[in-house]
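Biologist: I have a new model open and would like to go through it with you. Could we take it step by step?

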Amino acid sequence: MAAKSANLYARIEPEVKEQAEGILSTLGISASNAINMFYKQIILQRGLPFEVKIPPAAPIDISALSEEQLNAELEKGYADMMAGRTKPASKAFADIRRDYQD
């Protein structure tokens, strides 16, 4: 294992740092280890290890779509399902209950 001797300095919004470090602490991971894991994933993925895009401003209103646009959206969903990028509704609802249970 290579010695860890390089330093990285980054300016981060205090609230973002606090929230992220709280989550990392719960996971038992130091900020340095998390950054090291992030950099290793950049190397493995040959880019950012997540999709970077601007999310839609609001959910799609299907009543405002043309038939062609609706079919395109349905085809995207079908492609996601066939590629394994979806999960059964029962699993989605179980996750929601687990994450938001009082």
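Biologist: To begin, how many helices and strands are there in the protein chain?

Modeller: This is a predicted model. The protein chain has four helices and zero strands. Read from the N terminus, the order of its elements is α-α-α-α.

Biologist: What radius of gyration does the protein chain have, and what would a compact globule of 102 residues have?

Modeller: The protein chain has a radius of gyration of 20 Å, whereas a compact globule of 102 residues would be near 13 Å. Along the principal axes, its C-alpha atoms fill a box of roughly 60 × 40 × 30 Å.

Biologist: And what share of the residues is buried?

Modeller: Buried residues account for 3% of the 102 residues in the protein chain.

Biologist: What about charge: how far apart are the mean positions of the positive and negative charges?

Modeller: They are 12 Å apart, for 12 positive and 14 negative charges in the protein chain.

Biologist: Let us turn to helix 3. What span should its 16 residues have, and how far apart are its end C-alpha atoms?

Modeller: Helix 3 covers residues 67-82 and, at 1.5 Å a residue, should span 22 Å. Its end C-alpha atoms are 22 Å apart, which agrees with that expectation.

Biologist: Which glycine follows helix 3, and what is its phi?

Modeller: Gly-84 follows helix 3, and its phi is positive, near 80°. A positive phi also occurs in a residue other than glycine: Arg-46, with a value near 60°.

Biologist: Where is Arg-46, then? Is it buried or exposed?

Modeller: Arg-46 sits in the loop between helix 2, residues 31-45, and helix 3. Arg-46 counts as exposed because its relative accessibility is 78%, and the cut-off for exposed is over 50%.

Biologist: Moving to the aromatic residues, how many aromatic pairs does the structure hold?

Modeller: The structure holds two aromatic pairs. In one of them, Phe-38 and Tyr-39 are arranged edge-to-face, with 6.2 Å from centre to centre and 65° between the planes.

Biologist: How accessible are those two residues?

Modeller: Phe-38 is partly exposed, at 30% relative accessible area. Tyr-39 is likewise partly exposed, at 42%.

Biologist: And which residue does Phe-38 form a stacked pair with?

Modeller: That residue is Phe-50; the rings are 6.2 Å apart centre to centre, with 15° between the planes. Phe-38 belongs to helix 2 and Phe-50 to the loop between helix 2 and helix 3, so the pair ties together parts 12 residues apart in sequence. Phe-50 counts as partly exposed, with 48% relative accessibility. Through these ring pairs, Phe-38, Tyr-39 and Phe-50 are linked into a cluster.

Biologist: How far apart are the C-alpha atoms of Glu-13 and Ala-31?

Modeller: The separation is 15 Å, for two residues that are 18 residues apart along the chain.

Conventions. Residues numbered from 1 in each chain as written. Predicted model: local features only at pLDDT ≥ 70, side-chain atom pairs only at ≥ 80, totals over all residues. Heavy atoms only, no water. Helix = DSSP H or I, 4+ residues; strand = E, 2+ residues; numbered from the N terminus. Rg over C-alpha atoms; globule rule 2.2 N^0.38 Å. Buried < 20%, exposed > 50% of the residue type's maximum accessible area, 1.4 Å probe, protein only. Lys, Arg positive; Asp, Glu negative; His and termini not counted. Charge placed at Lys NZ, Arg CZ, Asp CG, Glu CD. Expected span 1.5 Å × (residues − 1). Phe/Tyr/Trp six-rings, centres within 6.5 Å; stacked < 30°, edge-to-face > 60°.
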